[in-house]
Amino acid sequence: MSKNNQTILIAKNLSDVFYHVKSTDTLQIFGGGTDTEQLQEKALTIRAIPELKGFDRHEHFIDFGPAITLSEMIAIGRTNQPAILYDALESIATPTIRNIATLGGNICAEGIKHTLWAPLLALDTRLEFRTQNEVKYIQMREFTEIPHGFVLTKVRVPTEVWEVAIFKRIGPSHLIANDSASFVFLADTDQSILANIRIVLTGNTVFRSLELENRIIGARLPLSQKTRETFIEQASLQFDQLVPESETKTIMKIQFLNLVRYSVGQLS
Ligand SMILES: Cc1cc2nc3c(=O)[nH]c(=O)nc-3n(C[C@H](O)[C@H](O)[C@H](O)COP(=O)(O)OP(=O)(O)OC[C@H]3O[C@@H](n4cnc5c(N)ncnc54)[C@H](O)[C@@H]3O)c2cc1C
């Protein structure tokens with residue numbers, strides 16, 4: 001497809017993609033295009049590639065193709081995937097946009113981290129990137145940018161079940177704005193002991209602190225008032241230390257601490 005000086009290519013398979021990536025240094029790859037303001041001179045959509053669509057369920061994880069649409073992910077159902085992922089999907093945009101928008105586009109979108117980042121990060125998702133001859137696996141927590149010349153080809157999401165699993169959004173509903181953020185809290189107990197916990201906030205920052213999580217793992221439930229208050233103070237300190245200064249930091253911190261307080265209150 002060619003419009004003015006623009007060429008929009010529709011790849012039918014991965015070999016097509018690698019061929020074009022290799023032959024055009026400035027090729028822009030996109031999924032549904034709902035997060036791409038302006039297409040470059042030569043752009044290629046991966047939406048029609050069968051091997052990048054769909055998903056494979058395994059015992060402990062689901063492999064999603066990055067070209068799967070958000071609607072297709074929702075159609076899998078809340079009980080057949082991590083509930084926090086499903087809740088995050090349902091909070092994104094409108095059904096019409098979700099019919100076009102892809103998982104890969106949500107992960108690779110530039111700038112502010114989009115809504116699926118918090119659940120994917122909290123679940124320890126692994127990303128697969130490929131060129132014609134090379135494969136790179138990058139954990140979501142280590143992912144900062146797409147390696148040059150690579151294409152996102154698989155998203156592996158662990159499916160372990162958490163006793164407490166909370167997803168909340170900060171900022172406007174069904175939109176991405178400067179003050180958008182997503183929050184996830186996961187917790188597991190074992191014989192009245194808090195066995196595992198994960199707390200993630202993503203937006204214009206990426207917050208996860210193992211130091212904070214380790215401070216409360218092993219605590220006996222129900223948590224005393226003092227333990228809860230001390231934990232909130234520690235969360236506040238960690239937030240101050242790890243989150244860079246920005247014009248939304250103060251309001252983000254207030255909302256983050258409220259969500260941590262609410263989530264810790266769900267542990268019984
Ligand atoms: C009205 C409206 C409301 C919205 N609300 C939300 C919301 O609530 N939450 C939210 O998170 N988003 C929202 N969005 C943004 C967007 O729709 C979603 O984030 C969507 O998932 C992006 O997917 P896409 O396929 O359209 O991305 P695209 O625009 O196709 O791509 C986005 C970026 O990812 C890169 N990319 C895509 N696929 C790959 C790949 N396989 N390999 C390498 N790079 C790749 C592209 O180069 C591009 O830079 C909204 C958009 C609109 C228009």
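**Reading the ligand site and the sheet**

User: Which distance separates an oxygen atom of the ligand from an N or O atom in the side chain of Thr102?

Analyst: A polar contact is a pair of N or O atoms within 3.5 Å. For Thr102, the distance from a side-chain N or O atom to a ligand oxygen atom is 2.6 Å. The side chain of Asn106 places an N or O atom 3.0 Å from an oxygen atom of the ligand, and a polar side-chain atom of Arg169 lies 2.9 Å from a ligand oxygen atom. The protein buries 88% of the 980 Å² that the ligand exposes when taken alone (Shrake-Rupley method, 1.4 Å probe). The model is predicted: local features need pLDDT of at least 70 and side-chain atom pairs pLDDT 80 or more, whereas totals for chains, interfaces and linings use all residues. Residues are numbered from 1 along each chain, and side-chain values use heavy atoms, without hydrogens and water.

User: Which residues around the ligand come nearest?

Analyst: A residue is near if one of its heavy atoms lies within 4 Å. Ile29, Gly31, Thr34, Thr36 and Thr102 come nearest among the 30 residues around the ligand.

User: Which helix gives the most to this shell?

Analyst: Helices (at least four residues) and strands (at least two) are DSSP runs. Helix H5 (103–108) gives the most, with four residues. Strands S3 (28–30) and S9 each supply at least two.

User: In which order do the strands of the open sheet lie?

Analyst: Strands pair if DSSP finds at least two bridges between them. The order is S5-S6-S9-S7-S8, with antiparallel pairing; S5 (55–57) and S8 (135–139) are the edge strands. Five bridges join S7 (126–130) to S9 (151–158), and Glu128 has Lys154 in S9 as its bridge partner.

Notes
Polar contact = N/O pair within 3.5 Å; in protein donor to acceptor, adjacent residues only side chain to side chain.
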